[in-house]
Amino acid sequence: MRYYSTKGKAGGVSFAAAALTGLAPDGGLFVPETIPPYPPAVAASLGTMDFHDIAVETIKPYVQGEIPDPVLEDMVQEAYPFAAPLIPVGDRLVLELFHGPTAAFKDFGARFMARVFGYLRRGEDRSLHILVATSGDTGGAVADGFYGIEGISVIVLYPKGRVSPLQERQIAGLGGNITALAVEGSFDDCQRMVKTAFQDQGLQQRRTLASANSINITRLIPQAVYYAAAAGKAFTGKPDLPGGCSPWDPAGRPLALDSPHGGRCKPGQPITFCVPSGNFGNLTAGLYAMKMGAPIGGFIAATNVNKTVPEYLAQGLYTPQPSQATISSAMDVGAPSNFERMSGQWTLEELRRLIQGVWVTDEDTRTTIREVHDTQGYFLDPHTAVAWQGADRIRASTPIPGSLGILSTAHPAKFAEIVEPLAGPVPTPASLKQVMERKPVARIIPAERAALLEVLS
Ligand SMILES: *Cc1c(COP(=O)(O)O)cnc(C)c1O
């Protein structure tokens with residue numbers, strides 16, 4: 001598979017080059033030359049296949065000739081020792097993506113990326129520096145994924161004071177090969193600083209740099225896997241039943257199932273996914289899964305007041321904005337970088353057919369957390385609550401023909417300071433308890449290019 005920049009069809013690079021450079025030399029984002037369809041036998045059995053097998057089938061064509069199949073099989077086994085259950089809650093299906101070590105969906109991308117980088121850099125003696133700008137969850141997932149990997153050092157930039165205490169410990173509590181930089185500015189500032197570092201020719205000669213943001217194609221591709229797996233389950237009418245990997249007492253959760261097996265699935269009909277969105281990597285991965293042939297009917301892109309993409313879909317004009325702070329902080333992105341991939345690979349008309357945009361205020365997000373807990377006994381984190389509420393808004397005007405899936409991108413205990421005053425005590429998973437015992441150590445730097453260059457010198 002060749003990868004091209006969103007800014008021009010010239011050249012084309014290998015998967016390894018796209019992975020290790022992150023951003024194309026012209027400042028564009030790498031996209032695969034085609035989005036390969038699943039073989040018909042795979043497409044027909046997504047509902048019954050093992051998650052790891054779906055992962056191999058989904059990722060294989062993107063890395064063909066560069067990562068041998070047995071290596072890829074080991075990578076997905078090691079990257080995903082946890083599940084992505086599709087749980088009926090009330091009248092919809094919640095795709096719980098928070099069962100990994102940092103309790104957020106970014107574990108899916110980051111853990112795969114760490115293994116790809118480890119493999120591609122095997123035998124190199126010059127160490128690789130990974131630069132990550134994070135609004136909260138990316139940094140933790142990347143730090144965790146790469147912690148202790150030899151020959152790779154990770155530098156995480158996060159907006160000082162705008163991440164939760166837990167996120168700060170996930171980013172800045174590891175030490176070792178992970179360096180945390182608390183930037184006096186916004187997430188957009190962090191992202192801009194990383195972008196300029198990559199465009200600095202002098203620095204490029206002195207250091208081997210790589211990015212780990214959702215602009216990196218190795219994060220995007222594995223995210224298509226859980227869409228395909230969940231869409232398959234909904235299509236065959238086989239959601240996961242609560243319990244097992246659910247983090248709280250399933251007995252406390254009233255479930256209104258349509259049938260003992262089907263839950264809220266509408267078998268034989270494609271599912272519509274509502275995706276809580278910030279940088280739009282997750283939604284772009286969903287578009288890839290749909291194009292590959294997973295039974296997906298469409299998407300709802302739900303944002304907080306950082307509503308650049310919903311406005312683009314409504315008005316046809318892309319107007320990036322400075323980001324505004326909200327309680328769904330991992331989605332505080334006014335200039336979503338993956339928009340370039342969406343608009344590079346699909347026209348506005350196509351995007352309008354595939355995606356409905358909606359945005360939700362903090363006040364409505366809070367009300368949703370309270371109401372869903374009161375009526376369903378289910379805890380939503382603020383990001384998932386944006387999606388839950390966004391889907392209700394869309395449904396009020398446009399009926400959704402098949403089942404409705406909500407992507408749950410973080411465990412509610414990760415945002416306990418917001419969720420608990422609204423819904424009561426949230427049981428904390430063991431992984432998060434351990435993180436809270438760490439002491440965060442970060443270097444505070446101004447939001448200036450020079451400050452980052454000094455750290456890297
Ligand atoms: C990163 C993140 C999002 C937004 O995902 P994008 O791929 O950037 O759109 C949503 N929810 C949580 C919890 C996140 O960490």
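Helices and strands are taken as DSSP runs, helices of at least four residues and strands of at least two, numbered from the N terminus. On this basis, in the predicted model, Q324 falls in the loop between α12 and α13. Q324 is partly exposed, since its relative accessible area is 45%. Apart from neighbours within four places in sequence, Q324 is in contact with V305, N306 and D332. The C-alpha atoms of Q324 and Q205 are 36 Å apart, and the two residues are separated by 119 residues in sequence.

Helix α12 itself spans residues 308-315, and its buried residues are T308, V309, P310, Y312 and L313. Their packing partners are β11 (296-303), α13 (339-345), α14 (348-354) and β12 (355-359). Just after α12, G316 adopts a positive phi of about 80 degrees.

S408 counts as buried because its relative accessibility is 3%, the cut-off for burial being under 20%. When residues up to four places away in sequence are not counted, S408 touches V94, L95, E96, L97, F98 and T384.

On the surface, D50, D53, D69, E73 and D74 form a patch of negative charge. Helix α4 (residues 69-79) supplies the largest share of this patch, 3 residues. D50, another member of the patch, is located in the loop between α2 (40-44) and α3 (51-63). With a relative accessible area of 40%, D50 is partly exposed.

Side chains of opposite charge can pair when their charged atoms come close. The model contains 13 salt bridges. In one of them, K60 pairs with E57, with 3.7 Å between the closest N and O atoms. K60 and E57 are 3 residues apart in helix α3 and therefore separated by about one helical turn. K60 is partly exposed at 21% relative accessibility.

A salt bridge also joins R395 and D392, where the closest N and O atoms are 3.2 Å apart. These residues lie 3 residues apart in helix α16 (residues 382-397), so about one helical turn separates them. Both positions are partly exposed, R395 at 27% relative accessibility and D392 at 28%.

E454 and R443 form a further salt bridge, with a closest N to O separation of 3.7 Å. This pair links distant parts of the chain, 11 residues apart, with E454 in helix α19 (residues 449-456) and R443 in strand β14 (residues 443-446). E454 is exposed at 53% relative accessibility, whereas R443 is partly exposed at 43%. Through shared partners, salt bridges join D91, R92, D392 and R395 into one network.

Notes. Residues are numbered from 1 along each chain as its sequence is written. This is a predicted model: local features need pLDDT of at least 70, side-chain atom pairs count only at pLDDT 80 or more; totals for chains, interfaces and linings use all residues. Side-chain values use heavy atoms; hydrogens and water are left out. Buried means under 20% relative accessible area, exposed over 50%, partly exposed in between (1.4 Å probe, protein chains only). Contact means heavy atoms within 4.5 Å. Patches are made of residues with over 30% relative accessible area and no salt bridge: like charges are joined within 9 Å, nonpolar side chains (Val, Leu, Ile, Met, Phe, Trp, Tyr) within 5 Å. Accessible areas come from the Shrake-Rupley method with a 1.4 Å probe; for residues, only the protein chains shown count as cover. A salt bridge is a side-chain nitrogen of Lys or Arg within 4 Å of a carboxyl oxygen of Asp or Glu. Lys and Arg count as positive and Asp and Glu as negative; His and the chain ends are not counted. The place of a charge is taken as NZ of Lys, CZ of Arg, CG of Asp or CD of Glu.
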